[in-house]
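I opened a new page for this structure today. My plan is to go from the whole chain down to single residues.

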Amino acid sequence: MIRKHWSLLTEHQDCDICPASESASHIVLRCFPASVIWATFHMNDLASSSTDIVHFMHRAQQAWINSRGVHILFAAAAVTLWHARNDRIFNNKRWPPSYLRREVHDEVSQARQKASTMKHRRQEQESARREKLRQAFLKKRLDKLMAEKQASSASDDQPNS
Ligand SMILES: [Zn+2]
């Protein structure tokens, strides 16, 4: 979804708040709002010295042990910066640093929540599957016991010799 929007940038001009030409890398790694966000996570040096987004992600993943965390943070930052950029361009609104940080924070918690909901759903499916297997097993056991009981009561009916 983000990528689709960014393809529109190819014919685009300069950044609206600084003299650099506007590209995805510029918006997400180098422009002022990006530096606000990355500084919050002590990643501003990494962001500003990376040649592009792929390079940045590669280096961030090497630097961080939790690579899922890097992905969530990056997605949250990219979405926030993109929204901030659109709000500037189309609505003439500037997001102050505190607002940028809060937006990223909200995006991160939403992504985490979504991930844990999905995990929870998977766990539920897994326990439902196990319950089904358990019931099938119990039914089989019961059938077997019934069959044995029938067989033994049938032999009980035999007259004693
Ligand atoms: Zn800029």
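**Entry 1: the whole chain**

I started with burial, and buried residues make up 17% of the 161 residues in the protein chain.

Next I looked up the elements. The protein chain has seven helices and zero strands. Read from the N terminus, the order is α-α-α-α-α-α-α.

Then I looked up contacts. I took those between residues at least 6 apart in sequence. Of these, 47% join residues at least 24 apart.

**Entry 2: confidence**

The mean pLDDT of the protein chain is 88. I also wrote down that 89% of the residues reach 70 or more.

Which elements have the lowest and the highest mean pLDDT? Helix α1, residues 2-6, has the lowest, at 52. Helix α3 has the highest, at 96. A reminder to myself: where pLDDT is low, the predicted coordinates should not be read in detail.

**Entry 3: the largest nonpolar core**

I turned to the largest nonpolar core, which has 21 residues. V28, A34, I37, A47, A77 and L81 touch the most other members. The elements that give two or more residues to this core are α2 (24-30), α3, α5 (53-63), α6 and α7. Which of them gives the most? It is α6, with seven residues.

**Entry 4: helix α3 and A34**

I listed the buried residues of α3, and they are P33, A34, V36, I37 and W38. I picked A34 and asked what it is in contact with, leaving aside its neighbours within four places in sequence. The list for A34 is I27, V28, L29, A47 and L81.

**Entry 5: helix α6**

I tested the length of α6. Its 25 residues, at 1.5 Å a residue, should span 36 Å. The end C-alpha atoms of α6 are 35 Å apart, which agrees.

I then listed the buried residues of α6. They are V70, L73, A76, A77, A78, T80, L81, A84 and R85.

**Entry 6: A77**

I zoomed in on A77, which lies in helix α6. Why does A77 count as buried? A77 counts as buried because 25 C-beta neighbours lie inside 10 Å, and the cut-off is 20 or more.

I looked up the contacts of A77, leaving aside its neighbours within four places in sequence. They are V28, I37 and V104.

I also took the distance from A77 to L29. The two are 48 residues apart in sequence. In space they are 9.5 Å apart, C-alpha to C-alpha.

**Entry 7: H105**

I moved on to H105, which lies in helix α7. H105 and A77 are 28 residues apart in sequence. Their C-alpha atoms are 8.9 Å apart in space. Is H105 buried, exposed or partly exposed? H105 has 13 C-beta neighbours inside 10 Å, so it counts as partly exposed.

**Entry 8: two positive phi values**

I finished with backbone angles. H42 is not a glycine, yet it has a positive phi of about 55°. Where is H42 found? It is in the loop between α3 (32-40) and α4 (44-49). H42 is exposed, because 8 other C-beta atoms lie within 10 Å, and the cut-off for exposed is 12 or fewer.

I found another positive phi at N92, near 60°, again in a residue other than glycine. N92 is found in the loop between α6 (67-91) and α7 (97-156). Why does N92 count as exposed? N92 counts as exposed because it has 8 C-beta neighbours inside 10 Å.

Methods. Residues numbered from 1 in each chain as written. Predicted model: local features only at pLDDT ≥ 70, side-chain atom pairs only at ≥ 80, totals over all residues. Helix = DSSP H or I, 4+ residues; strand = E, 2+ residues; numbered from the N terminus. Contact = placed C-beta atoms within 7 Å. Core = buried A, V, L, I, M, F, W, Y, C linked by C-beta atoms within 7 Å. Expected span 1.5 Å × (residues − 1). pLDDT = per-residue confidence, 0-100.
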